[in-house]
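Trainee: I would like to learn how to read a few features of a protein model. Please take me through them one at a time.

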Amino acid sequence: MAAYSFLDQLLHRLALQAVPIAELSFDIDQRMVGTDPKDIVGERHVFVSGLARAGTTVLMRHFHATGAYRSLTYRDMPFVLAPNLWRKLARSSKRDVAAAERAHGDRIFVDVDSPESLDEVFWRIFAGEEYIEKTHLKPHSPDPETTWKYVCYVNAILNAQDTRLPRYLSKNNNNILRLNGIRGAFPQALILIPFRDPLSHAGSLLRQHRNFVEMQAESRFVRSYMTWLVHHEFGHDHRPFRFGEDGRSVPSSYGTNAIEYWVDMWCATYGWLERSAPEDAIFVCYEDLCGGMEVWTRLATIAGITTVREEDETFRLSNVRVEPTNDLDLAEQASAIYARLVDRGRAAL
């Protein structure tokens, strides 16, 4: 991101920040789609969504590697709302680039064809006022018109390739704010909610927060880029999820440089998901995924994937030392939620 040229940065700013341009690109793209959105409503799409650093990216990449799904990729940037139009315009000029480790420094390498969480731009453009606040993000229930527009958008994404695939794959952590809306749009979709040992997870969030604070201090474009994509998980523009009535739950009493802040966020997020997620959503324990191929194979079977290709990236546990918390009550609360989710996830598989 920081290495983008001035022209690249300008193009991203026009395509992602300017709402009228984004809306116009969407409208033009929709006119290029010759297939009926109603035909994809009943497909077995896959939506992966959880708190950042829960293993959502690696799980999504395993599904994508099967070749059974279409996802948005970096090749669709920056006009992510117009995948058909942009691919036609950029076909002769879009260069392939060597895979590089992503900014998280987590040994995940990406190139222009790597799937990524980019469809959140749709929700920001067409429903941003419903869930994006200056200090936090809150749950929302998309209205029928916006929900149908999203179905049309997914249909356009599926159409934007030489060989049309019928199933869509999304990894979007902000979708936890609208999972019931996703279920209403796609009643047969597989909704997966990865979760991870809370202390290990909180430590990873804290490290990434510090990482992106430093990175954004060196590049204003990085901060803007993440804001355009509604990536507020960490960094200078961090905006936590709030799950109280109307999104007005009390902020954490801890600062963002304390491990307890992130454990508190873990409890709030997964406690809320435990109560509110669609009944048939599957909670996926990352530690179980790392225990062997049994869980992944079972997920592939549930998804209806007939051919599973070996993936270079494996599910593996972090070897970084887990930072302890001095708030024993908070740790106990997190452990209790984790244990219940483990039982719920294993029962579903």
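**Burial, contacts and cysteines**

Mentor: Cys 267 has 3% relative accessibility, so this residue counts as buried. Buried means under 20% relative accessible area, exposed means over 50%, and partly exposed lies in between, using a 1.4 Å probe and protein chains only. The model is predicted, so local features need pLDDT of at least 70 and side-chain atom pairs count only at pLDDT 80 or more, while totals for chains, interfaces and linings use all residues. Residues are numbered from 1 along each chain as its sequence is written, and side-chain values use heavy atoms, with hydrogens and water left out.

Trainee: Is Cys 152 buried or exposed?

Mentor: Cys 152 counts as buried, because its relative accessibility is 12%. Of the 349 residues of the protein, 55% are buried.

Trainee: How many disulfides does a search of the whole structure find?

Mentor: A disulfide is a covalent bond between the sulfur atoms of two cysteines. The search counts a pair of cysteine sulfur atoms within 2.5 Å, and across the whole structure it finds 0 disulfides.

Trainee: Where is the place of Arg 87?

Mentor: Helices here are DSSP runs of H or I with at least four residues, strands are runs of E with at least two, and both are numbered from the N terminus. The protein has 13 helices and 6 strands, and Arg 87 is in helix 4, residues 83–90. Arg 87 counts as partly exposed because its relative accessibility is 22%.

Trainee: Which residues is Arg 87 in contact with, leaving aside its neighbours within four places in sequence?

Mentor: Contact means heavy atoms within 4.5 Å. With those neighbours left aside, Arg 87 is in contact with Arg 70, Thr 73, Arg 75, Asp 76 and Ala 160.
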